[in-house]
Amino acid sequence: MTNMPKTACMAALLVLGANLASAGTTRQSRLNLGPGAVLTVVTSGGSVSVHPGTEQQVIVNSTTHSGRVEADVHATPDGKRGEVITHVLSQQGASADDLRVDYDIAVPPGISMSLSTATAPITVQGVSGDI
């Protein structure tokens, strides 16, 4: 019976540590999209900044602010479509900041984009594709 409080305390510390470790984590993803491809970005919170890239790939830097959310970044094998989608893993007890993903996206010329957010500010500068 005396081990129960220690076990509960250790479990709580492990969960807290996992959440702190994932806070402010930035991941870089690269998508091989060809000219005329469409990049779709769907997020509920955070910011989206799109600017011209210097490489022939789309480069997505996604910063999550907790372990309750993830950024799913992928492209079709033919390089005609790419998607950047925010997935909420757990909303229970989460603040709006916990569910936020900030995106910094560099796109080469000729990529069209569809950007959709619920509350995220969007900044697009100097890109040449359709938006």
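D102 is buried, at 17% relative accessibility; buried means under 20% relative accessible area, exposed over 50%, and partly exposed in between (1.4 Å probe, protein chains only). Salt bridges that share partners join D102, R100 and D97 into one network. This is a predicted model, numbered from 1 along each chain as its sequence is written, and local features need pLDDT of at least 70. Side-chain atom pairs count only at pLDDT 80 or more, while totals for chains, interfaces and linings use all residues, and side-chain values use heavy atoms, with hydrogens and water left out.

The term requires a side-chain nitrogen of Lys or Arg within 4 Å of a carboxyl oxygen of Asp or Glu. R100 is partly exposed, with a relative accessible area of 24%. The structure holds five salt bridges.

Another salt bridge pairs R68 with D98, with 4.0 Å between the closest N and O atoms. It links distant parts of the chain, 30 residues apart. R68 lies in the loop between strand 4 and strand 5 (69-75). D98 lies in the loop between strand 6 (81-88) and strand 7 (101-107). Strands here are DSSP runs (E, at least two residues), numbered from the N terminus. Both R68 and D98 are buried.

E55 and R30 also form a salt bridge, at 2.6 Å, N to O. These partners are 25 residues apart: R30 sits in strand 1 (residues 25-31), E55 in the loop between strand 3 (48-52) and strand 4 (58-64). E55 is partly exposed at 33% relative accessibility. R30 is partly exposed too, at 40%.

Methods:
Helices (H or I, at least four residues) and strands (E, at least two) are DSSP runs, numbered from the N terminus.
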